[in-house]
Amino acid sequence: MVETNICSALGSVWYRSVADTTKGVSMVNEFGLAHQNGASSQALSERPYYKPVGNEETVFKAAYRQGLSLVLKGPTGCGKTRFVEAMAHDLGRPLITVACHDDLTTADLVGRYLLRGDETVWVDGPLTRAVREGAICYLDEVVEARQDTTVVLHPLSDYRRQLPIERLGITLDAAPGFGLVMSYNPGYQSVLKDLKDSTRQRMVAIEFGFPDPDVEEGIIAHEAGVDHATAVELVRFGQAIRRLETGGLREVASTRVLIAAGRLIAEGLPVAVAARVAIAGPLTDDDAVSRGLHELIDVYLGESAAGD
């Protein structure tokens with residue numbers, strides 16, 4: 001087994017080359033990519049901040065210990081990804097995250113042959129790395145991927161816990177510690193973007209919503225570094241948006257956008273300005289809906305944004 005450090009414009013990336021005598025090629029695994037870019041192979045040293053709102057931690061850990069795959073369902077920005085990070089930390093497992101999209105192919109997940117210099121090498125995809133390393137593989141917004149791509153997950157997510165790699169002519173047994181977790185936003189479901197029933201019934205489902213006000217206030221105060229009174233104001237405003245009945249909003253104010261506003265306030269921006277640019281702005285491009293949100297800001301946050 002040979003390790004080499006390959007430098008590129010993106011910085012240093014570690015590769016491990018393993019000779020495959022049955023194929024006459026080198027096999028390459030990628031390690032050490034930045035976690036923010038969705039491919040961390042190292043267990044997190046400090047537990048990511050996550051406040052449970054129900055029994056989701058107990059259910060996740062029980063399913064993981066039994067080798068069951070999980071699907072997390074909930075609105076945008078409610079804490080699904082942070083939850084998975086916290087669970088990976090608690091279980092002491094590396095976490096490999098894949099941001100799913102329309103063009104995601106089976107090869108993107110499993111791997112492909114590439115030319116490196118004058119030799120052909122096999123490069124493991126993130127799913128294969130997780131299977132080999134015994135990591136937790138997290139497929140974020142899995143319904144964005146094509147259904148013919150997600151079918152490759154079936155033998156991994158049932159009793160077999162295996163990953164067939166047709167191009168290598170092998171089937172990998174998942175290493176001890178491997179876990180498969182998916183997430184999606186039910187609000188984005190459609191006939192064309194949905195999980196197949198055969199995929200769903202291989203999963204343990206955990207449903208997420210926005211936290212209760214007292215929990216959300218604590219999250220915002222901690223994550224944004226604002227005082228409790230400011231966190232309370234932001235949560236009250238967020239709840240007001242969530243109660244709106246308008247077709248102009250595809251999504252309501254998530255905990256994520258409330259935290260973003262709080263971070264701007266911590267930098268010294270007026271509360272109303274922070275709310276306009278971090279909450280109202282990302283939620284809609286509709287002029288009428290924007291005006292309504294700005295009026296809510298004036299009512300709930302007690303001041304008008306500069307520039308009116």
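A crossing of two helices is called left-handed if the near helix is turned anticlockwise from the far one by less than a right angle, and right-handed if clockwise. Keep that definition at hand for the helix pairs below. The model is a predicted one, in which local features need pLDDT of at least 70 and side-chain atom pairs count only at pLDDT 80 or more, while totals for chains, interfaces and linings use all residues. Residues are numbered from 1 along each chain as its sequence is written, and side-chain values use heavy atoms, with hydrogens and water left out.

**The whole chain**

Among the contacts (heavy atoms within 4.5 Å) with a separation of 6 or more, 68% join residues 24 or more positions apart.

**H7 and H8**

Select helix H7, residues 213-224, together with helix H8, residues 228-242. The axes of H7 and H8 come within 9 Å and cross at roughly 125 degrees; such axes are lines fitted to C-alpha atoms, for helices over the stretch in contact, and the angles run from 0 to 180 degrees between N-to-C directions. H7 and H8 are therefore oblique to each other, since angles under 35 degrees count as roughly parallel, over 145 as roughly antiparallel, 65 to 115 as roughly perpendicular and the rest as oblique. H7 passes H8 in a right-handed crossing, and the residues that make this contact include Pro 213, Glu 216 and Ile 220 of H7 and His 228, Val 232 and Arg 242 of H8.

**H7 and H9**

H7 and H9 pack at an angle of about 45 degrees, with their axes 9 Å apart, and H7 passes H9 in a right-handed crossing. Show side chains for this contact, to which Glu 216, Ile 219, Ile 220, Glu 223 and Ala 224 contribute from H7, and Thr 255, Leu 258, Ile 259, Gly 262, Arg 263 and Ala 266 from H9.

**Thr 255**

Which residues does Thr 255 touch, not counting residues up to four places away in sequence? They are Gly 77, Phe 210, Pro 211, Glu 216, Ile 219 and Arg 242. The side chains of Thr 255 and Glu 216 are joined by a polar contact of 2.7 Å, that is, a pair of N or O atoms within 3.5 Å, of which, within protein, one must be able to donate a hydrogen and the other to accept it, and residues adjacent in sequence count only if both atoms are side-chain atoms. Draw a distance from the C-alpha atom of Thr 255 to that of Ile 220, 35 residues apart along the chain, and the separation is 7.7 Å.

**Cysteines**

Finally, select the cysteines: the structure holds zero disulfides (pairs of cysteine sulfur atoms within 2.5 Å). The sulfur of Cys 137 has its closest cysteine sulfur in Cys 100, 8.4 Å away, too far for a bond. Cys 137 is buried, with a relative accessible area of 0%, and Cys 78 is buried with 9%.

Methods
Buried < 20%, exposed > 50% of the residue type's maximum accessible area, 1.4 Å probe, protein only. Helix = DSSP H or I, 4+ residues; strand = E, 2+ residues; numbered from the N terminus.
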